[in-house]
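Me: Please take me through the assignments in this model, setting each against the criterion behind it.

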Amino acid sequence: MKTFKFQTNVKCGGCIATVTPFLNQEKGIAKWEVDLSSPQRIMTVETEELDSDDIVAVMQKAGYVANLL
């Protein structure tokens, strides 16, 4: 299992609600979460199959930014 950390522009619960369908529908993402209490809004993603570029692309489809840390 690979774990990636990204800085995102996901800022609130509404943003979480927007990205949830995109991330949950992506096969290969085992688990994800965004730390809204962190000023950098760090998103952690666990995956067996995907690489960081795949996750960035999913976030772009949802209208958000994810920069690999």
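Reply: The largest nonpolar core has 19 residues, and Phe-6, Val-19, Leu-23, Met-43 and Met-59 have the most contacts inside it. The model is a predicted one, in which local features need pLDDT of at least 70 and side-chain atom pairs count only at pLDDT 80 or more, while totals for chains, interfaces and linings use all residues. Residues are numbered from 1 along each chain as its sequence is written, and side-chain values use heavy atoms, with hydrogens and water left out.

Me: What makes this set a nonpolar core?

Reply: The term denotes buried Ala, Val, Leu, Ile, Met, Phe, Trp, Tyr and Cys residues joined through side-chain atoms within 4.5 Å. Buried means under 20% relative accessible area, exposed over 50%, and partly exposed in between, with a 1.4 Å probe and protein chains only. The 19 residues form the largest such set.

Me: Which elements supply this core?

Reply: At least two residues come from each of β1, α1, β2, β3 and α2, and α2 gives the most, with five. Helices (H or I, at least four residues) and strands (E, at least two) are DSSP runs, numbered from the N terminus.

Me: How do you know that the buried residues of α2 lie on the same side?

Reply: The buried residues of α2 are Ser-52, Ile-55, Val-56, Val-58, Met-59 and Ala-62. They cover an arc of only 160° around the axis, which puts them on the same side of α2; the arc is that of the directions from the helix axis to the C-beta atoms. The face turned away from this buried side carries the exposed residues Asp-53, Gln-60 and Lys-61.

Me: What covers the buried residues of α2?

Reply: The cover includes β1, α1, β3 and β4. Contact in this sense means heavy atoms within 4.5 Å.

Me: Why are β2 and β4 said to stand at the edges?

Reply: Four strands form an open antiparallel sheet in the order β2-β3-β1-β4. β2 (29-34) and β4 (66-68) each have a single partner strand, so one side of each is left without a neighbour in the sheet.

Conventions
Two strands pair if DSSP finds at least two bridges between them.
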